[in-house]
Structures are given as C-alpha cells and as structure tokens.
Amino acid sequence: MKRVHFVLQGKGGVGKTFVASLLAQYHQEQDREVICIDTDPVNATFSGYKAFNVQRLELMDGNELNPRKFDQMMTLLIEQDSHFIIDNGAASFLPLSNYLLENDVINLLSDNSKEVYIHTLISGSQGLRDTLTGFSKLAEHLPEKANLIVWLNDYFGPIVSEDGKTFEEMKVYTKHKGRISGLIRIPRQTSSTFGQDVEMMLAHRATFAEVKENPIFELMAKQRLTMVKRNLFEQMDAVAV
C-alpha cells in the first residue's frame with residue numbers, strides 16, 4: 001500500500017517542516033516515488049525545498065481560508081499511485097483536522113489502498129503545553145486506521161512537565177499510549193555546533209545529500225549533520241514510516 005503522511009500540529013514554529021523534509025528525504029533514499037504538498041497558507045516553508053518539487057495547495061479565498069479546497073488534494077491522493085507527504089501549517093491545523101474527521105478521509109483513503117500516517121510534534125520549553133493539547137486532540141479523535149507517530153522535539157528544550165515528568169510519564173501519554181504507533185526523538189544537542197549546523201541547513205532549505213556537495217558547509221559540519229541524519233533515519237526505520 002502507498003502511504004499518505006500528514007504532518008499536523010496546531011502550534012507554530014515547532015519543527016513541522018523539518019519533519020516533513022525528513023520524511024521526504026527518507027522516502028527518496030528508499031527509492032520511493034513521493035509527492036510533496038504544502039498546505040500552509042501563511043508560511044509555505046516546505047515549498048522552498050527545490051529537491052522535493054513541492055506542490056503548493058492554495059487554500060485562501062481572499063482573506064478567508066476555504067476548506068473545500070482540500071477536495072483538490074483528496075482527488076490527487078486517491079488518483080495518483082504514489083506516496084505523499086503533506087506539510088500543514090498552524091493556521092490550517094483546525095480546518096484540515098476537521099476536514100479529515102468530518103469527511104471520513106482516513107477510511108476513504110484506506111478503502112483506496114492508501115495507508116495513513118499522522119505525524120505530530122511535542123516541543124519542549126514554551127511550546128510544551130500547546131503541543132500536548134494538539135497531540136491529545138488528535139489521539140482522541142483520529143480513526144483507528146490512522147497510524148499516529150509522535151515526534152519529541154527536544155531542540156527548544158527538554159520535554160519535561162513542571163513536576164519533572166518526562167513525556168512517557170505524563171498522564172496524556174499513559175491515556176493515549178495504545179493509540180501511538182511510534183515515537184521519534186529529535187535530540188537536543190550542543191547549540192554552538194550541532195544546533196548551528198541544523199539551523200544553517202534549514203535556512204538554506206538543504207537536504208542532507210545537498211549538504212555533502214555544498215562548500216558552504218565545512219568538513220566537521222558535514223560530519224555532524226551526517227550523525228544527525230543517521231540518528232533520525234534509524235529511528236524512522238524502527239517505526240517503519
């Protein structure tokens with residue numbers, strides 16, 4: 001079965017496009033045909049990656065977001081024999097989430113031989129509360145046929161509650177543990193080395209393969225980014241995305 005990956009989280013600036021780019025690169029390295037779609041009506045960052053030939057779905061009618069425009073995307077998802085990665089912005093999180101539920105999209109895709117993966121992020125520091133809320137809503141309402149993958153993004157700070165509990169110790173995790181298909185952790189690493197390298201890669205909308213060929217990235221930066229890729233891709237192997 002071909003797979004459809006939605007990256008969904010209502011909090012902005014927590015790494016959704018980074019996750020979408022990782023999924024795209026992972027599929028490319030597996031020699032899988034993949035179509036990438038950017039549905040962010042405000043910050044179409046995913047569209048900036050030349051390596052993915054991203055298609056942008058225009059959702060706005062003037063100043064209003066029109067959920068009916070998701071119909072165009074659904075036709076493409078069902079008619080094209082390909083894997084898909086959809087990067088969704090914070091501004092369209094509720095419209096797309098509601099659209100998926102109200103139109104029974106998960107089951108429709110499943111009936112058309114497409115396996116659905118929902119990727120959501122939990123962020124440390126100031127984004128923790130909002131991202132936990134977004135995760136909880138998805139876990140409560142998504143149909144069982146959707147594979148829910150949780151990305152724990154420690155980049156902005158450790159994912160620890162005020163009373164010192166890690167994500168796996170929190171009530172929201174224990175409540176929805178059986179609903180989670182896999183956990184992937186984006187580790188917090190030394191900001192002056194690994195952190196700056198990742199920021200530079202993101203700023204240039206570069207893939208790991210492009211980093212190897214780009215003289216802007218020095219030898220040790222390339223080495224560190226290779227280590228980042230190895231860590232993340234091994235985790236993606238483990239959850240079979």
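A nonpolar core, as the term is used here, is a set of buried Ala, Val, Leu, Ile, Met, Phe, Trp, Tyr and Cys residues joined through side-chain atoms within 4.5 Å. Keep that in mind for the first two views, and note that the model shown is a predicted one.

**View 1. The largest nonpolar core brings together 39 residues.** Seven of its members stand out for having the most contacts inside the core: Phe6, Met73, Leu77, Ile118, Ile122, Phe135 and Phe167. Which element gives the core its largest share? That would be α5, with 5 residues.

**View 2. Glu115 and Arg3 pair up across the sequence in a salt bridge.** Side chains of opposite charge can pair when their charged atoms come close. The closest N and O atoms of Glu115 and Arg3 are 3.7 Å apart. Glu115 sits in strand β7 (residues 114-123) and Arg3 in strand β1 (residues 2-7), so this link joins parts of the chain that are 112 residues apart. Is each end buried or exposed? Arg3 is buried because its relative accessible area, 18%, falls under the 20% limit. Glu115, at 25%, counts as partly exposed. In total, the structure holds 11 salt bridges.

**View 3. A salt bridge between Glu29 and Lys229 ties two helices together.** The closest N and O atoms in this pair are 2.5 Å apart. Glu29 belongs to helix α1 (residues 16-29) and Lys229 to helix α9 (residues 219-239), so the bridge connects parts that are 200 residues apart in sequence. Lys229 is buried, at 16% relative accessible area, while Glu29 is partly exposed at 44%.

View 4. How open is each end? Glu140 is partly exposed at 41%, and Lys175 is exposed at 59%. Elsewhere, salt bridges with shared partners join Asp154, Glu168 and Arg185 into one network.

**View 5. The largest pocket has a volume of about 590 Å³.** Its lining counts 33 residues, and Val14, Gly15, Lys16, Phe18 and Leu202 are the ones nearest the centre. Helices α1, α7 (191-203) and α9 each give two or more residues to this lining, with α7 supplying the largest share, 5 residues. Sorted by class, the lining has 16 nonpolar, 12 polar and 5 charged residues.

**View 6. The second largest pocket has a volume of about 250 Å³.** Around it you'll find Leu128, Arg129, Leu132, Ser161, Glu162, Asp163, Lys165, Met170, Lys171 and Val172. Helices α5 and α6 each supply at least two of the lining residues, and the largest share, 3 residues, comes from α5. By class, this lining has 4 nonpolar, 1 polar and 5 charged residues.

Key:
Residues are numbered from 1 along each chain as its sequence is written. This is a predicted model: local features need pLDDT of at least 70, side-chain atom pairs count only at pLDDT 80 or more; totals for chains, interfaces and linings use all residues. Side-chain values use heavy atoms; hydrogens and water are left out. A salt bridge is a side-chain nitrogen of Lys or Arg within 4 Å of a carboxyl oxygen of Asp or Glu. Helices (H or I, at least four residues) and strands (E, at least two) are DSSP runs, numbered from the N terminus. Buried means under 20% relative accessible area, exposed over 50%, partly exposed in between (1.4 Å probe, protein chains only). On a 1 Å grid over the protein atoms alone, a cavity is a set of points where a 1.4 Å probe fits but cannot get out, and a pocket is an open set with protein on both sides within 12 Å along at least five of seven lines; lining residues have an atom within 4 Å of a point. Grid points are joined across faces, edges and corners, and a volume is the space filled by probe spheres set on the points. Ala, Val, Leu, Ile, Met, Phe, Trp, Tyr, Cys and Pro count as nonpolar, Asp, Glu, Lys and Arg as charged, and the others, Gly among them, as polar.
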